[in-house]
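Look over the sequence and the model before reading on.

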Amino acid sequence: MNLASSMVELGRLLAAKGRTSEAMKCFSRAIRIDPECASAYQAMGDVLYDSGSYWEAASEYRDSLIVDPANPDALTALGRCYLKIDELADARASFQRALELEPRHTEAQRELASIDRAKAA
C-alpha cells in the first residue's frame, strides 16, 4: 500500500467516526501525493454525499472517473447524486454504464429499477 492509499484509508476511518473535516484533509493530502488516486476523489465524494452536498459530491465522483473510467461503484455513486439533484437522464446513464461494466452490480440495478418504476407511475 502506498502513502496516498494509506491516507485514503485513514480518511475513511476518520469519516466513519464523524471526523469529516479531518477525513477531507486526508483525502486532499492523498490527491496531492498522487493526483491519479481515484479512491481519494471517490472517498471525498462519499463524505460530501453523506453531508447532503450532492453537487460537490458529483464533482468528486466525476474526477474519480477521469482517473478510473471503468469504476462501477463511482458511476453508481455519481448516479445517486444525479437522482438527488433531479437529473434523471444523467442518473440513468450512470447506472446503465455501471451495469455495462459490472452487470450484477446490485445497487446500480436497484437504482435503475427505481427510475423505471417512477417513470411508469
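This is a predicted model: local features need pLDDT of at least 70, side-chain atom pairs count only at pLDDT 80 or more; totals for chains, interfaces and linings use all residues.

Residues are numbered from 1 along each chain as its sequence is written, and side-chain values use heavy atoms, with hydrogens and water left out. Helices are DSSP runs (H or I, at least four residues), numbered from the N terminus.

**Helix 1 and helix 2**

- Helix 1 spans residues 3-16 and helix 2 spans residues 20-33; their axes come within 8 Å and cross at roughly 170 degrees.
- Axes are lines fitted to C-alpha atoms over the stretch in contact, and angles run from 0 to 180 degrees between N-to-C directions.
- Helix 1 is therefore roughly antiparallel to helix 2 (angles over 145 degrees count as such).
- The crossing of these two helices is left-handed (the near helix is turned anticlockwise from the far one by less than a right angle).
- On the helix 1 side, L3, A4, M7, V8, L10, G11, R12, L14 and A15 take part; they meet E22, A23, C26, F27, R29, A30 and I33 of helix 2.
- By class, this contact has twelve nonpolar, one polar and three charged residues.
- Ala, Val, Leu, Ile, Met, Phe, Trp, Tyr, Cys and Pro count as nonpolar, Asp, Glu, Lys and Arg as charged, and the others, Gly among them, as polar.

**Helix 2 and helix 3**

- Helix 3 covers residues 38-50 and packs on helix 2 at about 160 degrees, with the axes 9 Å apart.
- That angle makes helix 2 roughly antiparallel to helix 3.
- Their crossing is left-handed.
- Helix 2 contributes T20, M24, F27, S28, A30 and I31, while helix 3 contributes A40, Y41, A43, M44, V47 and L48.
- The contact has ten nonpolar, two polar and no charged residues.

**T76**

- T76 lies in helix 5 (residues 72-84).
- At 1% relative accessibility, T76 is buried (under 20% relative accessible area, 1.4 Å probe, protein chains only).
- Its side chain reaches the backbone oxygen of P72 at 2.8 Å.
- Beyond neighbours within four places in sequence, T76 contacts F95, A98, H105, E107 and A108 (heavy atoms within 4.5 Å).

**A98**

- A98 sits in helix 6 (residues 88-101).
- A98 is buried, at 0% relative accessible area.
- Residues up to four places away in sequence aside, A98 touches P72, L75, T76 and A108.
- A98 and A108 are ten residues apart along the chain, and 6.6 Å separates their C-alpha atoms.

Key:
Angles under 35 degrees count as roughly parallel, over 145 as roughly antiparallel, 65 to 115 as roughly perpendicular and the rest as oblique. Buried means under 20% relative accessible area, exposed over 50%, partly exposed in between (1.4 Å probe, protein chains only). A polar contact is a pair of N or O atoms within 3.5 Å; within protein, one must be able to donate a hydrogen and the other to accept it, and residues adjacent in sequence count only if both atoms are side-chain atoms.
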